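Me: I would like to go through this structure step by step. Please begin with the overall picture.

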Amino acid sequence: MKILVLNAGSSSIKYQVFTMADQQVLVKGLVDRIGEAGSEIASHHDALERIILHLQAAGIIRDGKGIDAIGHRVVHGGERFHQPALLNAEVMTAIRAMVPLAPLHNPANLEGIEVAQRLFPQVPQVAVFDTAFHQTMPPVAFRYALPESLYREHQVRRYGFHGTSHRYVMQQAAVYLQTPQADLNLITLHLGNGCSATAIAGGKSVDTSMGMTPLEGLVMGTRSGDLDPALHFYLQRAMGLDSAALENLFNKQSGLKGVCGVSDMREIQQRAESGDPAAQLAEALFAYRVKKYIGAYLAVLGRVDAIVFTGGIGEHSARIRALVCDNLQGLGIVLDTARNQQACAGVLECQQAEAVIKLLVIPTNEELEIARSTALQLV
């Protein structure tokens, strides 16, 4: 079975083709700058046609055949979707109804699906939702302390995101630790341009740092993470900012970028090492917020088998892992400095021998998890 995985954004489509017999990537690529001035790619339809040409040139598609299923990343599934869903008219209507919850993401996801359905009308297609893994959170974790009518009538609650990544590394940790998922307690840290922490009890998400939107929680590349809600009112009064300006400020001009002017952790760390105080603060603030969530989730879970680092920063920055774990010995978290510096090939275990809690670095693979989820819907 060959599965095409599509991740459609507003101006790009990432794609990979997997052969599920050995779960290997046959071909992968990115079409970007869709619809931008000067771009040769005017629409998602044009982008997907270009992807088809690539798959034909690679010998994946012959005479219009060769793809057995298509898996789509969909950011927001609301309370409706706890699992991936085979796409039909009813599911499409439900995804469209959730556009107000994810106005920056779901419309692009929908456009990618609609184009793929037109170009591959006979191929079964599956939606895999970023929010689905977190639908096991209890009300004490997902409800805000707001009037119940806002939850009942307007779906105001915490949903969480990056669920596909958290699920994937949880499964990999279970295999590595030779522990059934039902017995496994983890804190998983997806640290990249977007960041989230998740508390996993018995293989299920019971709390996560992102909320109704991906803005809540950890400090990120350009997103602020947790804020005093009254800051919105203050900035409206003091600066005359409207809701659109505030949304842009908190989502695109804040986080690491807001503190030191750049959002790429690699550049920030180079500047920090050369003595730049703004970069040093950005790096320290980033790690401090992660550390606080680890403490909170240790309290939530009671027992933790391992803390898992993943995502671009989590996998590749030994320096951030060291800052996050510093001074947590009293909680059973003791990093082995030498092991932490090793390259991550597969699973890297980097705690000291006497540590109570294992520290694992596990490369995430959201596309493979989407392909696996898609295949399961066809059984």
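**Burial and overall fold**

Reply: Of the 379 residues of the protein chain, 50% count as buried, where buried means under 20% relative accessible area with a 1.4 Å probe, protein chains only. The model is predicted: local features need pLDDT of at least 70, side-chain atom pairs count only at pLDDT 80 or more, and totals for chains, interfaces and linings use all residues. Residues are numbered from 1 along each chain as its sequence is written, and side-chain values use heavy atoms, with hydrogens and water left out.

Me: How many helices and strands does the protein chain have?

Reply: There are 15 helices and 12 strands, taken as DSSP runs (helices: H or I, at least four residues; strands: E, at least two) and numbered from the N terminus. The radius of gyration, taken over C-alpha atoms, is 21 Å, close to the 21 Å that the globule rule gives for 379 residues, so the protein chain is as compact as a globular protein of that length. That rule is 2.2 Å times the number of residues to the power 0.38.

Me: What does the C-alpha trace span along its principal axes?

Reply: The span is about 60 × 55 × 45 Å.

Me: Turning to Ser-224, where is its place?

Reply: Ser-224 is in the loop between strand S9 (204-208) and helix H7 (230-239).

Me: Is Ser-224 buried or exposed?

Reply: Ser-224 is buried, with a relative accessible area of 9%.

Me: Which residues does Ser-224 touch, not counting those up to four places away in sequence?

Reply: Ser-224 has contacts (heavy atoms within 4.5 Å) with Leu-215, Leu-218, Val-219, Phe-250, Ser-254, Gly-255 and Arg-289.
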